[in-house]
Amino acid sequence: MNNLLFDERPLVILPSLAVALGDLDEAAILQQIHYWTQKNMNVVDGYSWVYNSMEEWQKQFPWLSKRSLDRKFKKLKEKNLLVIENHNKKKFDKTNWYRINYEELSKLSSSMAVSSVNPAAEAKPEVQVEAKAETKDNQVKTSATAKTEAKAQDKPNNNSKDKYNFDYAKFIDWFNEITGKNFRNTEDKRKLIRARLNEGFKEDDFYLITRFKVNEWKDNDKMKRYLRPDTLFIPKHFDNYLQDAKDWEEKQAKKQARKKVKPKPKKNDEPDISEDDRSILAYVEENPDVLKTDEVIRKEVERIERARAKSRSSTIKSA
């Protein structure tokens, strides 16, 4: 077989990607990074990354010099389509890690879809001549239609609910308010939430995880940037975050109960116990059913009673 045909694994590139970027080489680079990150071998902060030296990248793009290849990577970063960071455990290792900014890529795709609705952009020369002859009124109508379709592309089905009756618009607005962010109600966010709903999780779970992580990360300069749906709601973290959030919610409820219930004053013949133990007993006295539903509190009460019995026994012997 001719050695210029497919004896080796080819680089497959969508022509529309090359058109959108205006550069075939940049399209090849972006496609290859997408290929490697889809293998999910290196996951950091909820994102899949690929790391390589420029020398190793050049082996995948042998028609480009190292200097040219470096410029292509920098241009993709400037376009905010490529995220380049260093997540190496050894400080002396300067090898860069790469991932695609899919949100920015979606914007680029949407802008292309919007431009394609204008027939003059794709028309043949003779059609373009006819387009110029349109009346001013028709041009205004065409412009208004394009703007309407652009908005539809940007935020499709914004307020729609699916079979789970999940109000995505309401949730994203609440999420932005509690986290101080400004995320849009886009299909990638809805798809992420919908996938967890398909796995059997409930609407309340998303609110609980968000509240828990806001409490944990919002005042942490290093971690607050991870308060985003594509970190909190991915399958790798969701179940663990939910379990931690439930434990946190239970502790918060106990703290609130202790604040609301004032412990009764100690009787003269009552063994001395701690202030926290008094609060627990007072809470149980006002809510006796909690002993049937909360095993943790029941065990705490049993411990307190054992301590009190032991204290009484010691008092009798000493007397």
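These notebook entries record what I looked up in the structure.

**Entry 1. The chain as a whole**

I note at the outset that the model is predicted. I counted 16 helices and four strands in the chain. I then looked up burial and found that 33% of the 319 residues are buried. For contacts between residues with a separation of 6 or more, I recorded that 58% join residues 24 or more positions apart.

**Entry 2. The sheet**

I asked in which order the four strands lie in the sheet. The order is β1-β2-β4-β3, the sheet is open, and the pairing is antiparallel. I recalled that strands of a sheet pair through backbone hydrogen bonds, either parallel or antiparallel. The edges are taken by β1 (42–44) and β3 (82–85), each of which has a single partner strand, so one side of each is left without a neighbour in the sheet. Direction ignored, I found that neighbouring strands are turned against each other by 40 degrees on average.

I went through the strand pairs in turn. Three bridges pair β1 with β2 (residues 47–51) in the antiparallel sense, and in this pair Asn-42 stands opposite Trp-49 of β2. Between β2 and β4 I found two bridges, again in an antiparallel arrangement; here Val-50 has Tyr-98 of β4 as its bridge partner. Between β3 and β4 there are four bridges, and these strands also run antiparallel. Val-83 has Arg-99 of β4 as its bridge partner.

Is Arg-99 buried or exposed? Its relative accessibility is 12%, and therefore Arg-99 counts as buried, the cut-off for buried being under 20%. Not counting residues up to four places away in sequence, Arg-99 touches Ile-33, Tyr-47, Ser-48, Trp-49, Leu-81, Leu-82 and Val-83. I also looked up a C-alpha separation: Arg-99 and Ile-84 are 15 residues apart along the chain, and their C-alpha atoms are separated by 6.9 Å.

**Entry 3. Helices α2 and α4**

I turned to the helices that lie across strands of the sheet. Helix α2 lies across β2, β3 and β4, and runs at about 100 degrees to β4. Helix α4 lies across β3 and β4, and runs at about 110 degrees to β3.

I then looked at the two helices together. Two packed helices are described by the angle between their axes and the distance between the axes. The axes of α2 (residues 24–37) and α4 (residues 66–78) come within 10 Å and cross at roughly 75 degrees. The two helices are therefore roughly perpendicular, as angles of 65 to 115 degrees are counted in that class. On the α2 side the contact is made by Asp-25, Glu-26, Ile-29, Leu-30 and Ile-33, and on the α4 side by Leu-69, Lys-72, Phe-73, Lys-75 and Leu-76. By class I recorded six nonpolar, no polar and four charged residues in this contact.

**Entry 4. Helices α9 and α11**

What is the angle between α9 and α11? They pack at about 10 degrees, with their axes 10 Å apart. This makes α9 roughly parallel to α11, because angles under 35 degrees count as such. From α9, the residues Lys-170, Phe-171, Trp-174, Phe-175, Ile-178 and Thr-179 meet Phe-206, Tyr-207, Thr-210, Arg-211 and Val-214 of α11. I sorted this contact by class into seven nonpolar, two polar and two charged residues.

Last, I looked up Asn-176, which is in helix α9 (residues 168–179). Its relative accessibility is 12%, so Asn-176 counts as buried. Leaving aside its neighbours within four places in sequence, I found Asn-176 in contact with Lys-181, Asn-182 and Phe-183.

Notes. Residues numbered from 1 in each chain as written. Predicted model: local features only at pLDDT ≥ 70, side-chain atom pairs only at ≥ 80, totals over all residues. Heavy atoms only, no water. Axes fitted to C-alpha atoms, helices over the stretch in contact; angles between N-to-C directions. Parallel < 35°, antiparallel > 145°, perpendicular 65-115°, else oblique. Contact = heavy atoms within 4.5 Å. Nonpolar A, V, L, I, M, F, W, Y, C, P; charged D, E, K, R; others polar. Pairing = 2+ DSSP bridges. Buried < 20%, exposed > 50% of the residue type's maximum accessible area, 1.4 Å probe, protein only.
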